[in-house]
Amino acid sequence: MKCSIPKGTRDFLPVEMARRNYIFDTIRDVFKVFAFEPIETPSLENLSTLMGKYGEEGDKLLFKVLNSGDFMKDVDFSQDYHKVAPRICERGLRYDLTVPFARFVVQHRDELVLPFRRYQLQPVWRADRPQKGRYREFYQCDADMIGSDSLLNELELVQMIDLVFRRLDVSVTLKINNRKILAGIAELVGAPDLLVDITVAIDKLDKIGLENVQKELSERGLTEAQIAALNPVFELKGTASEKLDSLDNLFSAIEIGKKGVAEMRELFGYISHAETSCNVELDLTLARGLNYYTGAIFEVKANNVSIGSICGGGRYDNLTGIFGMPNVSGVGISFGADRIYDVLTELEKFPDNLSQSTRVLFINFGAAEQAYAMRCASALRQQGISTMVYPDSAKMKKQMDYANRKNIPFVAFTGEAEMAAGTVTIKNMQSGEQQTVAATEISNVVRQ
């Protein structure tokens, strides 16, 4: 039988894991300095928790898990799929980390102090069509604040995005919009009841182009006049302030649109004093297709790399209300670790020494020498130096070949002479230089 794994999933070799951990560690460190706390939630959630939270297309991408036991008993399979599915699938793999977080907050409300700031680095699953930068199993790195309406929270998310990508040395553009502005636009063109359809369609603008978006809007029920009325809005040019001025005029009688403009003025005012280094734009075509967003929305793309969004998020005012805890607002972002990996690979931004898992290798000359080497290795490990003793007293060439193939920078020799003198001979594998030092001084050489 040929070994394989499901499409859209991947194995990770040690070099790849070292690079992934570099990304995770960088993001986790930023989350910590902004005072976020870690949590985890299960891979499986009740399907009732997940369904209906991501929109029509999101529901289609949920991996549903068949019930155990005789789950087909008494099920009428001639019925519509949506009636049959809940009978045979009561659980699903999580689609994102935000909806499970909302469930977590409600379930643990008596144990949490609001406002609560959490971060979470875990895999999610989507039954998507695998392609470059799009997988069926992938990691998200989320940070959310819940229990506060303040736009200072949005500012901190902008600052976190800026700091993460500065540390990763990736030039990015952060695009921001507001779902209230989109709701105002829907009302402006006379289609307030089609807000979801409008946002789902225009969210695909970068992927399928304006003509296909207009076609989809028509299929979703907008008239030609309504579609034409959208174009001038999305063609607004200028700075964020100039675009907001134009929207203010358009929304003179539309309250929700005016509120969205006011929120964006406040947020961009904060950003202007925050000294961020990334490019920040007000993008009125940004929609973020997820249904639960209600305020500011964010999307980050890497400059000079042809790949989709590598980070995104937004404000959700009542996601916990679905689970019985209304009027609790939250806002968060999610870094796509897998796409960030692809960006760093393409830009060759990974540090050179990440794949170096072993700092020192002790050559094994036999039982007595092995015991001496083990004592020396133990002392180095206690000082935090990654150290290995070759497990077999194989030929010298085999052991040295191993060190070369693993890119181990230092090889240690503990022969009879070294044992008698209480020393170790260290070879620098890059320069070829050798020196003999006291066993207690090894760390001074290999730390260089």
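This is a predicted model: local features need pLDDT of at least 70, side-chain atom pairs count only at pLDDT 80 or more; totals for chains, interfaces and linings use all residues.
Tyr 119 has a ring partner. A search of the whole structure finds 14 aromatic pairs, and one of them is formed by Phe 31 and Tyr 119. A pair of aromatic rings is described by the distance of the centres and the angle of the planes. For Phe 31 and Tyr 119, the centres are 5.6 Å apart and the planes stand at 40 degrees, a tilted arrangement. Where in the chain do Phe 31 and Tyr 119 lie? Phe 31 belongs to helix α1, residues 14-33, while Tyr 119 belongs to strand β5, residues 116-125. The two residues are 88 apart, and the pair thus links distant parts of the chain. Phe 31 has a relative accessibility of 0%, so this residue counts as buried too.

Phe 101 and Phe 104 have ring centres 6.5 Å apart and planes at 25 degrees; because the angle is under 30 degrees, the pair is stacked. Both residues sit in helix α5, residues 98-107, at a separation of 3 residues, about one turn of the helix. Phe 101 and Phe 104 are both buried.

Returning to Tyr 119, we find that ring pairs join it with Phe 31, Phe 36, Phe 165 and Phe 335 in a cluster.

The charged end of Arg 20 is placed over the ring of Phe 12, at 3.9 Å from the ring centre. Likewise, Arg 126 lies over the face of Tyr 95, 3.9 Å from the centre of that ring.

Let us now consider helix α5 as a whole. Why is α5 described as largely enclosed by the rest of the structure? The reason is that 9 of its 10 residues are buried. Among them are Thr 98, Pro 100, Arg 103 and Val 106. The elements covering the buried residues of α5 include β2, α2, β5, β6 and β10.

I turn next to the packing of helices. Two packed helices are described by the angle between their axes and the distance between the axes. Helix α1 packs with helix α13, residues 337-347, at an angle of about 115 degrees, and the axes are 10 Å apart. The two helices are therefore roughly perpendicular to each other. The crossing of α1 and α13 is right-handed. On the α1 side, the residues making contact include Arg 20, Tyr 22 and Phe 24; on the α13 side, they include Ile 340, Tyr 341 and Leu 344.

A further example is given by helix α9, residues 205-219, and helix α10, residues 224-234. Their axes are 10 Å apart, and the angle is about 140 degrees. For this reason α9 and α10 are oblique to each other. α9 passes α10 in a right-handed crossing. Leu 210, Gln 214, Leu 217 and Ser 218 of α9 meet Ile 227, Leu 230 and Asn 231 of α10.

Finally, the chain as a whole. The secondary structure consists of 17 helices and 16 strands. Of the 448 residues, 49% are buried. The C-alpha trace spans about 90 × 65 × 45 Å along its principal axes. Among contacts between residues at least 6 apart in sequence, 68% join residues at least 24 apart. Thank you for your attention.

Technical notes
Residues are numbered from 1 along each chain as its sequence is written. Side-chain values use heavy atoms; hydrogens and water are left out. Rings of Phe, Tyr and Trp (its six-membered ring) pair if their centres lie within 6.5 Å; planes under 30 degrees apart count as stacked, over 60 as edge-to-face and the rest as tilted. Helices (H or I, at least four residues) and strands (E, at least two) are DSSP runs, numbered from the N terminus. Buried means under 20% relative accessible area, exposed over 50%, partly exposed in between (1.4 Å probe, protein chains only). A charge sits over a ring if NZ of Lys or CZ of Arg is within 6 Å of the ring centre and within 35 degrees of the ring normal. Contact means heavy atoms within 4.5 Å. Axes are lines fitted to C-alpha atoms, for helices over the stretch in contact, and angles run from 0 to 180 degrees between N-to-C directions. Angles under 35 degrees count as roughly parallel, over 145 as roughly antiparallel, 65 to 115 as roughly perpendicular and the rest as oblique. A crossing is left-handed if the near helix is turned anticlockwise from the far one by less than a right angle, and right-handed if clockwise.
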